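Please walk through the model shown below with attention to where its parts meet. The text starts with a boundary inside one chain and then turns to the boundary between two chains.

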Amino acid sequence: MDFAYILSRAVAQGLPLLYGSNGEILNEKSGNLNLGIPGIMISGGVAGIVGALIYENSVAEPNGVVGLIVSLLCSVVCSLVLSLIYCFLTVTLRANQNVTGLAITIFGSGLGNFYGGAISTILGISNNSIPATAAAYKAPLVPFYDKLGAIGTIFFSHGFMFYLALIIAFVSWFVLKKTRTGLSLRAVGENPATADAAGISVTKYKYVATCLGGIIAGLGGLYYAVDYSNGLWDTQSFGDRGWLAVALVIFVVWKPNLAVLGAFLFGGLYIAEIFVPGLTSATKELFKMLPYLVTIVILISTSLMKKKENQPPESLGLPYFREER
Amino acid sequence: MAEAAIELRNITKRFGSVTANKNISMTVNKGEILSILGENGSGKTTLMNMLSGIYHPDEGQIFVGGKEASIQSPKDAFDYKIGMIHQHFKLVDILTVTENVILGLKDEGKLSLKKSAARIKEICDMYGFKIDPMKKIYEMSVSEKQTVEIIKVIYRGAEILILDEPTAVLTPKETDNLFSILRNMRDSGKSIIIITHKLGEVLSLSDKVAVLRKGEYIGTVETKDATEQSLTEMMVGKKVSLNIERAEPHDCENRLSLTNVSVTNKEGVQILKNVSFTAKSGEILGIAGIAGSGQKELLEAIAGLQHLKSGSIVYYDPKTGKEENLRDKTPLQIRDLGVRLSFVPEDRLGMGLVGSMGITDNMMLRSYKGGKGMFLHRKDPKTLADKIIKELEVVTPGTDTPVRKLSGGNIQKVLVGREIAASPTVLMAAYPVRGLDINSSYTIYNLLNAQKDIGTAVIFVGEDLDVLIELCDRILVICHGQISGIVDGKSATKEDIGMMMTNLPESKTAEEDAQ
Amino acid sequence: MKVKAAKEPLVRIAKRTDISTGLSYGIRAASVVLALLACGIVVMLLTSGKISFLEVYTEMLEGAFGTARRVKITVRDTCALLCLAVALAPAFKMRFWNIGAEGQALVGALASCIVVKLMPDMNGALLILIMFIASVAAGALWGIIPGFFKAAIKANETLFTLMMNYVAIQLVKFFAVLWEKQKGAGVMSTLTTGKLPQLFGVDYGWSIVIILVVTVLSYIYMKYSKQGYEIAVVGESENTARYIGINVKKVIIRTMAISGALCGLAGFLLVSGTHHLVKSDIVGGNGFTAIIVAWLAHLNPLIMMLTSFFVSFLDIGTAKIASTCNLNDFASDVVVGIALFIILASEFFINYKVIFTKSGKKAKEGK
């Protein structure tokens with residue numbers, strides 16, 4: 001089988017994970033362990049399909065780019081609303097983060113699959129595909145990629161969301177590492193009391209980072225829904241990608257730049273069973289365990305090494321209340 | 001007339017039912033050092049936290065530069081050029097000095113760590129700080145961290161500096177250095193507020209002294225008109241004659257002997273160094289020293305909570321006369337040896353008690369394993385709880401009310417009551433009257449004296465020298481983890497002890513240099 | 001110098017130091033009512049108004065209690081959720097965030113199936129006993145692993161247990177394919193042996209009785225046993241635990257063994273009592289829902305009977321409506337999610353009080 005093709009599939013598999021983990025990193029850097037990310041990814045993805053479907057069914061000759069924009073907006077709004085619920089409960093009302101996150105995931109995956117599983121019934125339309133929008137997403141930004149050989153296939157055969165993911169990862173890395181905003185955000189996640197004393201609005205940073213993170217993660221769902229799956233949602237197939245994205249955060253020790261490599265590696269592992277010879281359909285399932293096992297190994301080894309820089313943000317999972325005494 | 005930098009008017013702050021600050025008014029002028037003097041728990045830190053935006057007053061007004069100010073957040077405080085150096089450092093461990101210093105600053109434009117580091121270097125050179133701007137905080141010693149805090153405030157161009165007990169963690173030399181820096185800053189027109197309970201520092205450093213007592217403002221005096229005596233009177237209210245009864249020790253025999261005990265902490269810093277002493281039955285042995293000189297580690301080492309680097313801890317069993325080495329035994333192993341060791345730790349709710357549990361369940365902490373079977377036996381603890389409530393006059397709605405909801409004095413009575421109920425042969429108490437009112441304090445003194453009378457070896461770690469002198473038979477003075485001497489409670493003076501707290505005898509210093 | 005106009009914040013938040021039991025129960029009851037009302041509205045929206053507001057509730061009641069069979073299913077589902085919530089309680093009490101109940105229950109279910117497959121000729125009570133032991137042991141092991149690493153090297157337990165879920169899921173998928181009834185089905189055929197019999201002529205009777213007994217025992221364990229006391233002390237303050245000589249590491253590992261074992265028990269009951277096979281979604285996300293159920297009950301196993309019933313009722317009731325309206329039953333998750341948001345939010349008003357400050361200084365000065 002074509003090796004370049006395998007790699008390009010690995011990249012495609014890795015993209016939802018890259019978006020998801022990038023979003024979760026921003027969440028966790030602000031001290032919010034958002035276990036709602038899997039739910040946000042699913043509902044953010046389905047929202048995109050619903051938006052595009054409504055658009056494509058309301059005009060005679062749908063324009064792909066308009067469909068793309070509509071679906072993008074729907075996804076962003078949906079992820080934003082869920083993230084705001086999470087923030088309001090955990091930051092403003094100081095509810096337990098784990099419990100709230102799981103509730104978000106129950107709600108978000110329920111909402112996504114509810115609409116995703118029966119869009120045409122609910123909307124009362126016969127057509128449930130979005131060919132124009134999906135084509136717009138899938139159009140390679142570099143149309144002559146096939147002339148670039150293997151590199152072209154691996155890196156340039158993808159739609160614009162591939163580049164968007166890389167840009168977001170780069171910007172996240174840059175902001176976290178090189179700007180005052182990033183410095184403040186890291187301080188909020190490490191030690192909110194100190195950040196507060198330094199005049200940084202802990203609440204504002206947590207809200208903004210969590211909402212941006214949620215939107216980014218939702219884009220991962222969107223990519224999966226409209227690009228990877230051609231706009232056809234199957235309630236079973238998204239599977240554990242959301243949790244894999246959370247795992248990836250640990251794997252890349254909270255670094256967005258490493259997340260790019262990690263995502264493609266995880267993506268590769270996710271589909272490697274197809275290409276590794278000698279696997280039975282049963283052992284393939286064992287193979288899929290690898291990303292999680294690797295993550296556990298990373299978790300153990302970072303705890304063992306106790307290198308401060310590779311630990312989770314210190315206040316991860318804890319609410320902050322200034323007048324605590 | 002001097003220009004007022006900050007004026008507080010009728011500030012009141014409550015936490016739940018506790019009034020931490022009551023109707024406080026005071027003024028600091030430009031180019032002036034004001035000391036805020038008060039005992040632990042007198043509300044000094046709370047008051048200053050309202051200037052730095054951590055808390056917000058329930059009542060009253062704050063004027064900065066003559067205009068009414070609303071300080072809702074630390075950011076507002078910066079805008080008013082108020083900078084506070086907290087007792088507990090507000091630093092992010094995994095960040096560098098530079099990153100911590102510029103944290104939260106917005107008006108410097110693009111982030112350039114190099115440029116900021118250069119400015120920090122300038123400040124360091126100006127004042128003689130020795131610090132690497134690129135060093136991470138978690139690699140630093142306590143005094144280095146304090147330096148970072150001060151640099152942070154200077155970097156931000158603060159005009160009003162508030163320092164919360166800055167010398168508690170410093171060596172005398174570091175303290176002198178700090179004071180000369182503060183004087184320089186005053187001379188350049190800055191206002192400095194220093195929170196302290198050390199009279200010596202107040203007199204040597206400040207221009208004015210404001211005194212707080214139990215959350216109330218007592219008054220402000222010019223330092224040149226003040227003496228240790230007059231300040232003490234303001235601080236404690238009346239002439240310090242505590243009238244703690246001290247009976248003659250009787251039937252003293254060796255109960256607990258420490259020989260060359262050394263302890264290092266997790267970071268590898270030596271906390272205790274060759275500590276040797278013997279506690280005797282029927283006497284109260286006081287331990288005096290600046291906070292953080294190793295008192296906590298010393299008691300924890302005896303209680304089996306600290307690993308000893310070297311040395312031995314020998315217990316003489318009064319019944320059998322046997323000697324037991326307690327070194328590196330766990331608290332349970334110590335109890336299994338039949339050693340009745342009671343320990344009232346400094347951190348009452350964080351260590352001695354479980355805040356969310358009622359008095360009954362807290363009574364069980366030491367004894368829950370007793371009795372047959374896998375189930376708890378709550379009957380005896382309940383009886384004990386009722387007894388302690390009655391005998392020590394603990395004010396509580398009931399035996400099931402979480403102890404966290406009780407007042408400090410009542411919490412302490414519960415803790416001390418429990419530890420004494422175990423009829424100990426050795427009783428250790430760390431700062432048992434901290435934050436307590438006078439009545440509760442005397443209850444505790446009486447309990448300790450009663451223990452002494454029935455032959456318990458009592459070890460009392462205190463901070464108030466008057467109490468130590470009046471209560472204890474012998475006083476061991478600890479300085480930087482070493483014993484600088486043991487004095488007789490009846491003949492010792494505060495000055496002697498104060499000197500020993502800050503200086504090791506020359507023989508030991510020489511030893512130090514030789515190493 | 002930048003000087004702001006003097007202003008006071010309109011709202012301040014302070015921790016409640018005392019709240020009367022009456023008020024706290026009042027707030028909770030109000031939140032449940034509010035949650036139910038919200039659910040009604042959400043269901044109306046989801047069904048695009050096909051049923052009226054009041055019909056939502058009659059339909060829900062009908063779905064949960066309409067027939068004897070439905071009552072049985074409601075009780076069965078409540079118990080399945082309850083068992084996992086009860087299993088989580090000791091770990092949470094210790095402030096150990098075990099979010100691996102899903103995986104611990106799955107390996108428990110898997111262990112039961114392995115036992116049956118390994119002993120094809122055995123039957124009856126002995127087989128069931130061996131299944132039971134295997135499941136409990138497997139669940140315990142799945143709990144001990146993250147517990148050990150937390151105790152030994154402080155590895156973050158939330159993330160660790162989360163990962164263990166997916167290791168368990170893949171393990172189950174592996175066996176499911178290994179045992180699949182026909183090639184490509186990916187589902188094993190139902191077991192013919194190792195089934196719990198009816199009790200008092202009721203299906204799931206054994207499961208229900210076992211879970212209720214475990215719930216009561218767990219309540220007693222947490223409240224009256226020495227080990228339960230140790231868990232509470234370790235959860236509240238490790239320093240206190242050290243001070244009185246509790247071996248914190250031992251307690252962490254032991255408690256996680258118990259927590260995992262009870263999850264394993266839930267897995268055993270799913271296989272032996274209900275489904276008679278194992279598949280990766282046999283726990284069906286209950287391992288996660290149980291976390292919320294346990295939390296809302298303030299970790300009290302007896303109150304968990306109420307919270308797990310509440311969640312199951314919403315779940316089943318909404319599923320009924322969804323099927324009547326020809327919609328998919330993911331609607332249940334949406335409704336449960338909304339209800340959880342509201343109840344979680346209400347906790348804030350129990351723990352904190354909101355103080356409305358009189359706005360403006362002027363008013364004060366005027367006095």
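In this predicted model, two residue pairs are in polar contact across the interface of domain 2 of chain B and domain 3 of chain B, both at pLDDT 80 or more. A polar contact is a pair of N or O atoms within 3.5 Å; within protein, one must be able to donate a hydrogen and the other to accept it, and residues adjacent in sequence count only if both atoms are side-chain atoms. Zero salt bridges are found across this interface, a salt bridge being a side-chain nitrogen of Lys or Arg within 4 Å of a carboxyl oxygen of Asp or Glu.

On the side of domain 2 of chain B that touches domain 3 of chain B, α10 (331-336) and α15 (438-453) of chain B each supply at least two residues. Helices here are DSSP runs (H or I, at least four residues), numbered from the N terminus. The largest share of that side, five residues, comes from α15(B). By class, the side has ten nonpolar, three polar and three charged residues. Ala, Val, Leu, Ile, Met, Phe, Trp, Tyr, Cys and Pro count as nonpolar, Asp, Glu, Lys and Arg as charged, and the others, Gly among them, as polar.

Where do these domains lie in the chain? Chain B is assigned domain 1 (4-236), domain 2 (254-340 + 424-514) and domain 3 (350-422), with bounds from an automatic or database domain assignment. The centres of domain 2 and domain 3 of chain B, taken over C-alpha atoms, are 26 Å apart. Contact (heavy atoms within 4.5 Å) joins 16 residues of domain 2 of chain B to twelve residues of domain 3 of chain B. Together these two domains bury about 1,100 Å², 70% of it on carbon and sulfur atoms. Buried area is the accessible area (1.4 Å probe) that two parts lose on being put together, summed over both. Arg335(B), Pro424(B) and Leu447(B) supply 33% of the area that domain 2 of chain B buries there, more than any other three residues.

Between the chains, 23 residues of chain A meet 31 residues of chain B. About 2,400 Å² is buried between them, with 58% from carbon and sulfur atoms. There are two salt bridges between chain A and chain B. Glu99(B) forms a salt bridge with Arg186(A), whose closest N and O atoms are 3.5 Å apart. On the side of chain A that touches chain B, α9(A) gives the largest share, six residues.

Residues are numbered from 1 along each chain as its sequence is written, and chains are lettered from A and ligands numbered from 1 in the order in which they are written. Local features need pLDDT of at least 70, side-chain atom pairs count only at pLDDT 80 or more, and totals for chains, interfaces and linings use all residues, while side-chain values use heavy atoms, leaving out hydrogens and water.
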